[in-house]
Amino acid sequence: MKYITEGLFPTLVFKNFECISRIPRPSGHEGAISDYIMNFAKSLGLETYQDSYKNLIVKKPATNGSPDPSTVMLQAHLDMVPEASDSVDHDFTKDPIELILEGNNLRANQTTLGADDGMGVAYMMAILESEDLSHPNLECVFTVDEEVGLIGVEKLDMSDLKSTYILNLDGEEDDSILVGCAGAVNASMVLRKEYKPAISTNLALEINVKGLFGGHSGMDIDKQRANANVIMGRILSSITYDYDLFYIGGGSKRNAIPRSCEAVLSIKNEDLEALVREIQKLSAKIQKEYYPTDPNLKIELRRSAPTDFKVFTDNCKNKIVDILSLTPDGIISRAIDLDMVDTSSNFAVISEDNQNIEFNSLVRFSADSKKDYVKTKLARLAKLVGAQLEFSAEYPAWEHDKNSKLEDLSVDVYKEVFDKDPNVVIMHCGLECGILLNKLRHKAEAISIGPNMFNVHTPQEHVEVDSVARMWKFIIRLLEVL
């Protein structure tokens, strides 16, 4: 079998990453990849457990000769965020990821790469099959549905696990050791649709906000990139002509900054030209605002032929525009002492079914008090517009352990391997460490590490090849001394 990554080091890591890239694994569809790794582990004669959710635990005995070896957990999630360029027809439940090697970068062909967290999975597989490494007892934990709310790890039975140290392999910067992260909660605001007949002589005008950069709703929120749903709210709320609204939809994933949003309006023929000029004038201003972060932002208008359809009532339309305009989005507050975002909200997805329109946001927080503040704002908005609000998939922040022996040891090993100090950081993202630590029946410590990845959760995602090798050296040396 021909490998795109043939000749890259570490060989087993890249080989395994390329193999799993051929197996579709968006959130909710991890059965095939879980079975593949289970069979892979069983072929190595390793103790393997797979639960009904497709979470997987593989145990490998110690090789380092210690008379009383410790037990270390290696952990990564199996699922990936499925995002593709608008020009690509890619079915993430059926189609493999097509890898492209460009110099020192590995990327996919106009889709997310899945290095988040496929690279962590590949590291673990390489360690499991290697016969010349020195390491303590290993408990390799592969979880599902991480990208949609850390669901798999919440359902995992950990009563039989003995690890006192956890190495989460979901980091994205090789100069950093993560020692804490934000918690998160999903907010779903549901508005009941109300219709009236459309004016048969009206024209339909499609508004498309597209070409945005997007990105990870936690790691990239500080970059203040444009949010397509928010921009659509600005456009609709600025219109001074009488119009009806037929359709609204935007975003695709709760943890990805939305890259596109579409609305369809019904407008009088005599008002169309002036309305278009009005939108174009605002669009030029918005494009200028976001040019530093989103130079490819486009706001396209397309006239459609008259058609006989129903539209939202004025009351329903006004509620929709209120939600678009008032839903919290972006940075809510920063931790002054740490110079980092500590509370944010991503106005992520707008979707319709036959009866309702759902507006989905993902709130990230480091303190419960600030989480409650954002939840209160959403609750008051829902009350004002008469929408139903539900919070779900909440998980706690992973609090920094200032007395962590694992952190101290990791810093020492990093300095030994690279002859420089790492950045020890708390990140505004969701990691499974806090849940893992809470579910173990004994005290344990955790860090999160990984190679350099860029633009995760977007079709521009790529991983630095040399960084994969650097992080391999660090992981292997750290396992030797644990």
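**Exercise 1. Determine which residues of helix α6 are buried and what covers them.**

Solution. The model is predicted; local features need pLDDT of at least 70, side-chain atom pairs count only at pLDDT 80 or more, and totals for chains, interfaces and linings use all residues. Residues are numbered from 1 along each chain as its sequence is written, and side-chain values use heavy atoms, with hydrogens and water left out.

Step 1. Helices (H or I, at least four residues) and strands (E, at least two) are DSSP runs, numbered from the N terminus. Helix α6 comprises residues 269-290, 22 residues in all, and spans 32 Å from its first C-alpha to its last. This is close to the expected 32 Å, the expectation being 1.5 Å times one less than the number of residues.

Step 2. Apply the burial criterion: buried means under 20% relative accessible area, exposed over 50%, partly exposed in between (1.4 Å probe, protein chains only). The buried residues of α6 are Asp271, Leu272, Ala274, Leu275, Val276, Ile279, Leu282, Ser283, Ile286 and Tyr290.

Step 3. Contact means heavy atoms within 4.5 Å. The elements covering these buried residues include β11 (203-210), α5 (228-238), β13 (261-267) and β14 (298-304).

**Exercise 2. Describe the surroundings of Met471.**

Solution. Step 1. Met471 belongs to helix α11 (residues 465-481). Its relative accessibility is 1%, so Met471 counts as buried.

Step 1. With neighbours within four places in sequence set aside, Met471 contacts Tyr123, Asp174, Ile449, Gly450 and Pro451. Of these, Gly450 is 21 residues away in sequence, yet the C-alpha to C-alpha distance to Met471 is 6.4 Å.

**Exercise 3. Characterise the arrangement of domain 1 and domain 2.**

Solution. Step 1. Domain bounds come from an automatic or database domain assignment. Domain 1 covers 11-182 + 398-481, and domain 2 covers 184-395.

Step 1. Taken over C-alpha atoms, the domain centres are 34 Å apart.

Step 2. At the interface, 24 residues of domain 1 contact 29 residues of domain 2. The buried area, that is, the accessible area (1.4 Å probe) that two parts lose on being put together, summed over both, is about 2100 Å², with 57% given by carbon and sulfur atoms.
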